[in-house]
Amino acid sequence: MRDNRINSELTFRTASLIMLLAVLVWRSRPVQAQGGPPVWTTYTTRQGLASNAVSSIAVDTDGRVWVGTFGGGVSRFDGQRWFTYSTGHGLADDWVTAVAVDNSGDVWAGTYGEGLSRFSGAQWTTYTAAESGLANDWITALAVDRSGNLWVGTDGGGVSRFDGQSWQAFTPANSGLASFWVTALATDGDTLWVGTYDSGLSRYDGRAWETYSTGNSALADDHVNAIAVDGRGWVWVGTDHGVSLFDGQNWRTYTTADGLADDRVKAIACDSQGRLWFGTAGGVSVLEGGCREEWGEPPPSLGLRTYAPRDGLAANYISAVAAAPAGDLWVGTLGGGVSVFGRPRDLPPSPLPVVLIHGWQDSERVEESQFRYMARWLERDGFDVYYATGIGPERNLYRNAQKLKETIERARADSGAPQVSLIAHSMGGLVARAYVESALYGGDVAQVFMLGTPQAGLDLWHGYLLRQIVRNPGMPSLKELAPEHMLLFNRAHHPRPNVPYFLIAGDYRGIDMNGHGPPPLHLPPGDGIVTLESAHALAGPGVYPITTADLHGWGADVSLLDLPSYLWPDGTYNTYLRNQLRARRNITPQSALTGFVIQPGRRIANPTGAEAMLAQVHTPFIEGRLSAGQVVTETVAVDSRGPARFHLTWDEGDLSLTLIDPQGRRIDRHEAEKEEKIWPFSLNTDVMANLESYVLEEASPGRWQMVIKRSDDGPAPVSFSAYAALESELTLSLSTNGERHRRGQDIIVTATLASSAGPVTEAAVEAEVVRPDGLTQVISLLDDGAHHDQAAGDGVYGGIYSDAAVGGYYSLFVSAHGTWQSREFERGAEMLVPVSPQTASLAGTYADRSQDTDGDGRYERLLVDVKVEVAQVSEFALAGTLVDSRGDEIASTVSHASLDIGSRIMTLPFEGALIRARRAAGPYRLGQVILLDVSGAAIEVDEANNVYLTGGYDYNDF
């Protein structure tokens, strides 16, 4: 019997999940708020409910409705909007089987297998059997008595009572409780009624237990689904064979023969008007006056009215009913959401459309992209979803922003919505910023969510990125991911203060690998691709950093191992996006952190103590190409005992990596999986097509062999990069003679080898410089005091590169070989060096004018015209910042134009609403102007600061 019951429960849970996924979701039309008879209004996931499979409902004293769902967590309705709490908010589990509100207003949620959670208005606290006196973690029912005791029914553990301080368990072994398997609870004052799975109904008055079953009473069935006690103290018991009424002396059972919608009675409640409601598997039936005290004895039959979907009810199968103090009745269904019977009401307004922006590269079809799951969740929740197409690595940020504009315009035209919300992954966040922070923006974006966006560039995979730049010179977006470019981008682009930015960054250290903590990747805090420091490297009044335990993307390993990423499974979406997406605009910092976004992110502090002594360093990159079936063996020097990571990256084809340590031991994936201190890891993301790695907790010093094999039979050679990353005191750092260089100018390259013991000398150091046109030159760097290296023997190695004849970004790779502490070492370092193409310059002439486009007497924009001398036909961007008399920024913008040779005018449009919001009196100063050539990856060609004072405007003019 027990095994059959378990199978039944599992079958029910599985069926519920299938029903939840398969239920047809439609766009509900608003019910007009007006007088008249009571009507049914239905809320589903399209209006903000967590799931359409509802398990339980409770109403607090303020009239807020709390809905427990199967698989979606707990949703709260405040009369206007739904807000959902899930595991990311602190709920024990999203499979919620019971909800209740205690006498102090705290909300309790029972879960099926993860214990009991309590919400005190600020946060959730969870009680489990292992950490409290809870009978077990499989909660089936909750009830609160007059004295404030919480009663908890469990599946297999009997009943627990919590008085606010201590727990007490009641089971058949220590009391008169009929069964360990509890299905329903109800209280009458301080008297408890307990429904069981197979043993009928038990009553506890605080002193003694009494049980009623088919064996000793006229109870319809020993399997009890629901219990309710009316104002007379009569007990109504729902079973699968009708509803049984016990008046304290006699039993009477009512079935479909008496007008009940279905004999399978799943929920019962009395409302404030004295009506008795029965939720059944075939609709909801109501008995007028059924809870009033006029009846002296149970009636011989019931005059019931039944409501079904044809009357406006969400679905036939009723799982929960609850009465609100105002008289409304809330009905939960298994698959159709919740319906409320009462005054006509408006449904919540439709949420704004959502535009999804993929990362560096992804499919042009959302169904084949990394967004494919999130798009389904959004559509389930009632959002119109648009996928930005035409965005690709062959275009720069400014051209991609133009493509994004097209999708935003289409979304607004289709939906009629004035604005959209943007959800961007990885580099897609930079595309979103390039749009919102530029003159392209038309007040049409309400909020931006950026998932794993490298706001300061790809610092962790810097060397790999620069090698990709060399191999793919026609992809300007690769350069735009570099930290060197992001320095320029962030100088030119500033967060728009009237658009909230949510910077969602993953930290793999928060991943729980089956209770054993995160994988020991020995990476800086981050999502495996973008460091936490880079993802949160943006600040402003409307910028909200959030930290999750996500990886950057979901390749095969991520999905197979159930590792979390931003885009799958739905933890980050449920916690940080779905509620906030319905919030529209006017977000304040307080509401963002305490209402919609529960937990703000944390900044990364500079390492101190022991952490500061070891730096992340790497060996020089090994570059190669493999034909079909080819195998190559490369060697790298590991100079210190400790953690090491061996990486192989490639773009396409089927490559594999095997290691051979200095002692000759062979390490492949099969062997690594048997070792506790070796972690094989692979990742496929939008930035890194293929990565195979071995992470060793302790690598022995010496020469390591990296055996690289190609298994596919593709006709074209496959390019690869390989290297080892270490933690060591010996570091190699690079610099040049200035942040920006001009075409034709000599570039002085210096490389510094240093450790805590002092400089490292007598090393062989050379620099490989790759021009934007692919021309490569190798120069030696010397520590002799004669090559701009300060002094001989100081560990600073210098040299001069004299072939900067073209404008653009130059890739600089430096390698160093030598002996340190009697061990052979290899170090690699790299940087991207911008060289101005000198295609244009600022002429130093400025003028301002105002723009009133709607004729209301106020200016929508303050326009500043900037004269530019163009030496070569190209595409340009002009970034400008408007400041007040104290030098504080009022507004910033970026405009774009294709310009011919000669004197040309570019215009900076500053948004009037931003000027008015700052309440700063004019005149205003043009604090910074940056001219960029954006024919490829943006590169600076000229700059000026504090160059112009506008007319004497006042903020009230705007």
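Residues are numbered from 1 along each chain as its sequence is written, and side-chain values use heavy atoms, with hydrogens and water left out. Because the model is predicted, local features need pLDDT of at least 70 and side-chain atom pairs count only at pLDDT 80 or more, whereas totals for chains, interfaces and linings use all residues.

A total of 49 aromatic pairs is found in the structure; rings of Phe, Tyr and Trp (its six-membered ring) pair if their centres lie within 6.5 Å, and planes under 30 degrees apart count as stacked, over 60 as edge-to-face and the rest as tilted. In one of these pairs, the ring centres of tyrosine 43 and phenylalanine 77 are 4.9 Å apart and the planes stand at 45°, so the pair is tilted. This pair links distant parts of the chain, with tyrosine 43 in strand S1 (residues 39–43) and phenylalanine 77 in strand S4 (residues 73–77), 34 residues apart. Strands (E, at least two residues) are DSSP runs, numbered from the N terminus. Tyrosine 43 counts as buried at 0% relative accessibility, and phenylalanine 77 counts as buried at 3%; buried means under 20% relative accessible area (1.4 Å probe, protein chains only).

Tryptophan 66 and phenylalanine 119 form another tilted aromatic pair, 5.9 Å centre to centre with 55° between the planes. Here too distant parts of the chain are linked: tryptophan 66 lies in strand S3 (residues 65–69) and phenylalanine 119 in strand S8 (residues 116–119), 53 residues apart. Relative accessibility is 2% for tryptophan 66, which counts as buried, and 8% for phenylalanine 119, which also counts as buried. Ring pairs join Trp66 and Phe119 with Phe83, Tyr85 and Trp124 in a cluster.

Charges also sit over rings, a term that requires NZ of Lys or CZ of Arg within 6 Å of the ring centre and within 35 degrees of the ring normal. Arginine 232 lies over the face of tryptophan 234, 3.9 Å from the ring centre, and the charged end of arginine 467 sits over the ring of phenylalanine 813, at 3.6 Å from its centre.

Five cavities of 30 Å³ or more are found in a search of the whole structure; a cavity is a set of points on a 1 Å grid over the protein atoms alone where a 1.4 Å probe fits but cannot get out. The largest cavity has a volume of about 70 Å³, a volume being the space filled by probe spheres set on the points. Its lining residues (an atom within 4 Å of a point) include Trp461, Arg645 and His647.

Key
Helices (H or I, at least four residues) and strands (E, at least two) are DSSP runs, numbered from the N terminus. Buried means under 20% relative accessible area, exposed over 50%, partly exposed in between (1.4 Å probe, protein chains only). On a 1 Å grid over the protein atoms alone, a cavity is a set of points where a 1.4 Å probe fits but cannot get out, and a pocket is an open set with protein on both sides within 12 Å along at least five of seven lines; lining residues have an atom within 4 Å of a point.
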